[in-house]
Amino acid sequence: MALSEATPETSKSARIDAVVAMIAQRNPAEEREFLVTFARGYFQRVDPEDIVSRSVEDLYGALLSHWQFARKREAGKAKVRVLNPGAGEHGWSSRHTLIEVVNDDMPFLVDSASMEVNRQGLGLHLIVHPIFAVERDAVGMLKAIDSRENKPDHLRESFMHIEVDRLADPAARTELAEGITRVLGDVRSAVDDWKAMIAQLRAVIEEIDRKPPPLPREEVNENRAFLQWLAEDHLLLLGYRQHDLATIDGEDALRLVPGSGLGILRESETGSSLSTSFAVLPPQARATARAVSPMLVVTKANSRSTVHRPGYIDYIGIKRYGPDSAVTGEHRFVGLFTSSSYTERAGQIPLVRGKVGEVVARSGLAPGSHLGKAMAHVLETYPRDELFQITTDELHEIATGIVQLGERQRFRLFVRRDPFERFVSCLIFVPRENFSTGLRRRFQTILIEAFGGSAADFDVLLTDAVLARIHITVRTTPGTLLSVDRRAIEAQLADAARRWEDDLRQALNDEEGEARAASLYRR
């Protein structure tokens, strides 16, 4: 009778047992129990293939390295180091560069650290992330550790072992350690101040109820409903600040209200009291700060998030009004719309539902008709970030143009310029059979050059429709955004999308006429 092969789990268990045996052989009796508990919890959730692909000596070395690193930690601070383990210096080795982290357990640690690794252009090879219940003394020395995360009267600590592409340059390892430390600091700021930021958002809603802005009641109610919607887990709050609107040297400026900063917008000792993002806006954009309406601005900030996911931060500005109904400043919230914000129906979201309803009404299309259903589909699948920011007039023009495309294999470009000139939003419709990653990259290059941009993000929608939709957002610098001929750029993009087959079809049409050209093309 043949012996059954060992399963991945049994092979993993055997390898961990070998590490435990090594602990018993090499460590003093008073530390063995601690280390065995640590080892069992450390490797518990690691993929068996990652365990069995490493030698027992290297598994033991990685475990002991992290243990020794975690023995002492200053309360309230992440402890981070980056090293290249070598058998001669460390007694164990890895072909990768290793990041070791010990930190208070909190949300967004792994994804935020991974984002920083990716931002620095490194590949991720392994993440080990156990959570332990620990007890430390007054100076931060480890007194007890338990793999049961919910043990009463113990702190929960996160241990991260991350393996990345090997960095031979010590300066690059230092940069990586500093980047991880900075990101984990942002995570801590956002998590620690989350309750305070939620309370501040609710206080703004109460302020609107107590002293309604000098605007039509319907507009005030819809803006209030949107803020209430945000507070119901539709915005991951990352930062808050309050600003006063002031005039400095004849120019409008936003001055920070001391002590108001929360999360990633906490005040620093060396930071300016003036809003630099407001100061760099072109004059016509700064002038809108004193306009009574709109009371609420939803847009994208000019920096990427270092917490949770790497998209550009969502910015919500709420104007503050004085007794004379003049604008006196703003409440500024920054964060990331949550996943539910992107899956909820557009017609149920405050602010968005008003735009969608007005566009449908202005279209004059019967809701049950073919074109009416097409319009509803366009609005429901419209890039959600755009729906939050776009004006009703812009949405009506673009949505109508998309509906008119129908099922024709026709190339089209729709452009919306951010009123603060921080980006240009480009919707490109191209025959699905023409789309490829290479084409998308060519589109990005063309648009960056056309608008004088610095970078371009993208999102692609591929369905069973004949047209693919590519949404490209070109990041621009306020005050330097170029004026362009949309039709000329559209033609340039269309030329980039043409294939040999498209040129053949056109040549046949020109020479033989459409009727004969179609049969020749099929041949």
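At what angle do helix 1 and helix 4 pack, and how far apart are their axes? In this predicted model, helix 1 (residues 8–26) and helix 4 (residues 56–70) pack at an angle of about 65°, with axes 9 Å apart. Two further sites, Lys300 and Arg422, touch each other.

**Helix 1 and helix 4**
- The crossing of helix 1 and helix 4 is right-handed.
- Helix 1 contributes Arg15, Ala18, Val19, Met22, Ile23 and Arg26.
- Helix 4 meets them with Val56, Glu57, Leu59, Tyr60 and Leu63.
- Eight residues of this contact are nonpolar, three are charged and none is polar.

**Lys300**
- Lys300 lies in strand 10 (residues 296–304).
- Lys300 counts as buried because its relative accessibility is 11%, and the cut-off for buried is under 20%.
- The side chain of Lys300 makes a polar contact of 3.4 Å with the side chain of Asp385.
- That side chain also reaches the backbone oxygen of Tyr312, at 3.4 Å.
- Beyond four places in sequence, Lys300 touches residues including Ile313, Tyr342, Gln389, Phe423 and Arg475.
- Phe420 is 120 residues from Lys300 along the chain, yet their C-alpha atoms are separated by 9.8 Å.

**Arg422**
- Arg422 sits in the loop between strand 13 (412–417) and strand 14 (423–431).
- Its relative accessible area is 7%, so Arg422 is buried.

Key: Residues are numbered from 1 along each chain as its sequence is written. This is a predicted model: local features need pLDDT of at least 70, side-chain atom pairs count only at pLDDT 80 or more; totals for chains, interfaces and linings use all residues. Side-chain values use heavy atoms; hydrogens and water are left out. Helices (H or I, at least four residues) and strands (E, at least two) are DSSP runs, numbered from the N terminus. Buried means under 20% relative accessible area, exposed over 50%, partly exposed in between (1.4 Å probe, protein chains only). Contact means heavy atoms within 4.5 Å. A polar contact is a pair of N or O atoms within 3.5 Å; within protein, one must be able to donate a hydrogen and the other to accept it, and residues adjacent in sequence count only if both atoms are side-chain atoms. Axes are lines fitted to C-alpha atoms, for helices over the stretch in contact, and angles run from 0 to 180 degrees between N-to-C directions. A crossing is left-handed if the near helix is turned anticlockwise from the far one by less than a right angle, and right-handed if clockwise. Ala, Val, Leu, Ile, Met, Phe, Trp, Tyr, Cys and Pro count as nonpolar, Asp, Glu, Lys and Arg as charged, and the others, Gly among them, as polar.
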